[in-house]
Amino acid sequence: MAQFLPPPRVIQVDTRGAVILNEESPETRDSTGIYFPNHIEPVSHIALDIGGSLAKVVFFTRSSEPPSSPSPYSSGDEAETHSQNGITKPRQTGALTPLSLEANHSITKIDPTIGHSAQDKNHTKDELLLPLGNSSFKNDLLRRARVRHFPGGSLNFERFETDDIESCITFIRGLIERSAELNGVSLQSMRESVKIIATGGGAHRFYDLLKNELGVDVHREDEMECLITGLGFITLIPREAYWFSDELVHDVVSGRRPNALEMIEATVASIATNSTTVSLERPSPNPPRFTVSFEDSPTTQLPCLLVNIGSGVSIIKVDADGSFERVSGTSLGGGTLWGLLSLLTSATSFDEMLTLSEKGNNEHVDMLVGDIYGQDYSKLGLKSTMIASSFGKVFKKGETRRKFSPEDISKSLLYALSNNIGQIAYMNAEKYNLDRIYFGGCFIRGHAATIATLSYAIRFWSKGTKRALFLRHEGFLGAIGAWIKNIENAA
């Protein structure tokens with residue numbers, strides 16, 4: 001049954017001049033911060049999207065100076081970012097803006113009957129007649145002025161394993177406590193300003209735990225509605241949406257260029273930061289052929305299909321009027337890759353599995369068209385390098401069981417799942433006559449081979465009539481949507 005988004009309302013986030021920050025490491029390539037130089041309104045709510053495998057956190061911190069890295073939250077002591085058990089260790093963060101600093105009742109009041117501050121009895125009557133002579137009062141006013149009038153701040157992204165939800169709660173608790181300290185307000189006042197906007201299945205599963213452990217209000221939002229709201233907002237950010245050229249896709253998938261993955265990742269980083277240090281290859285008289293293209297002047301383009309790849313896969317049709325409907329999906333998603341590779345390899349994290357796949361050769365494991373025909377099957381348009389059967393070379397009757405490398409197994413399974421998802425996405429796009437297909441979810445992680453495989457599947461099955469589009473914050477659509485949907489109430 002089709003659902004409809006709420007009537008349009010003014011989003012208070014000023015996205016003019018928004019910039020996606022540099023990534024610190026491959027583990028943070030899908031969770032780099034977004035700096036909004038012109039945003040003014042205070043924001044103190046925290047969005048949390050808890051899925052079957054990962055919990056994603058989105059929150060806004062104030063800064064009048066643009067950060068130089070994805071760690072825009074320095075309060076004087078920087079913390080190193082590193083991966084622990086496959087999940088990037090949370091960076092030290094700065095402060096949320098407590099709404100109490102904006103409330104009229106929070107301003108220091110003078111008790112006219114005794115001539116003393118209701119908050120401070122230790123100052124003379126003359127000092128109180130000239131309140132700016134009161135250093136604590138003056139500092140209080142200056143702090144409020146800075147918060148109220150200085151534009152600039154960053155939207156921050158963190159993720160945790162759902163099985164370790166306690167680490168997520170510890171991080172949020174630390175953020176609230178640090179925000180109270182840096183803003184000079186009481187912890188109780190800070191907690192009263194903060195609310196958790198939760199979505200995903202875990203919003204129901206962990207509702208009581210979040211409320212009791214954090215001591216703040218917890219609100220729940222519909223998962224699908226948040227995904228679509230998040231897509232609508234994030235696609236307004238310059239250089240957020242991108243796609244691969246056909247030739248680039250072909251080279252990655254076919255393995256014709258061994259260094260293609262490194263070139264792609266360097267190119268993405270270079271173009272995203274307006275750097276000119278990496279030059280794209282120009283193999284023909286009609287450049288550019290091998291490119292990663294970004295949306296520089298983005299607008300929300302509907303209708304479209306959103307393929308959200310998390311633990312499982314949801315496929316959502318979004319119409320031109322904003323109505324949406326989950327039309328398909330599959331249980332074979334990121335959780336499947338994570339689970340099977342945990343059984344078949346020694347990898348202990350999703351990022352480690354992706355790293356293994358980058359070093360593998362699926363031709364040692366998969367049966368190709370060329371293994372069956374000895375050449376291309378031109379009549380059906382099948383190249384000899386196309387996969388005819390995933391893992392088709394593993395079993396050979398009468399032969400001693402062979403051993404396959406973890407790298408080759410990882411590459412084969414990644415291709416199997418990506419091709420399957422790509423084909424299902426194409427069939428739904430064809431059924432509903434949609435040309436724009438956005439892929440989201442933490443399964444992708446900005447991983448070149450995954451992007452190329454999904455792109456190839458869409459281009460191959462559609463004969464070039466449809467395009468696969470990707471997002472640099474693909475895994476945070478639900479959390480972004482929950483954050484945006486509640487921005488008005490917080491502002």
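Okay, let's start with helix α14: 10 of its 14 residues are buried, so the rest of the structure largely encloses it. Buried means under 20% relative accessible area, exposed means over 50%, and partly exposed is in between, with a 1.4 Å probe and protein chains only. Helices here are DSSP runs of H or I with at least four residues, strands are E runs of at least two, and both are numbered from the N terminus.

Quick background: this is a predicted model, where local features need pLDDT of at least 70, side-chain atom pairs count only at pLDDT 80 or more, and totals for chains, interfaces and linings use all residues. Residues are numbered from 1 along each chain as its sequence is written, and side-chain values use heavy atoms, leaving out hydrogens and water.

Back to α14. Among its buried residues are I451, L454 and I458. Just after the helix, K463 has a positive phi of about 55°.

Now, the rings. Phe, Tyr and Trp (its six-membered ring) pair if their centres lie within 6.5 Å; planes under 30 degrees apart are stacked, over 60 edge-to-face, and the rest tilted. That rule gives 14 aromatic pairs. Take F157 and F476: their centres are 5.1 Å apart and their planes sit at 70°, so they're edge-to-face. F157 is in strand β9 and F476 in the loop between β20 and α15, so the pair ties together parts 319 residues apart in sequence. How buried is F157? Its relative accessible area is 0%, and F476 is buried at 0% too.

Last one: Y242, F244, F294, F439 and F470 form one aromatic cluster.
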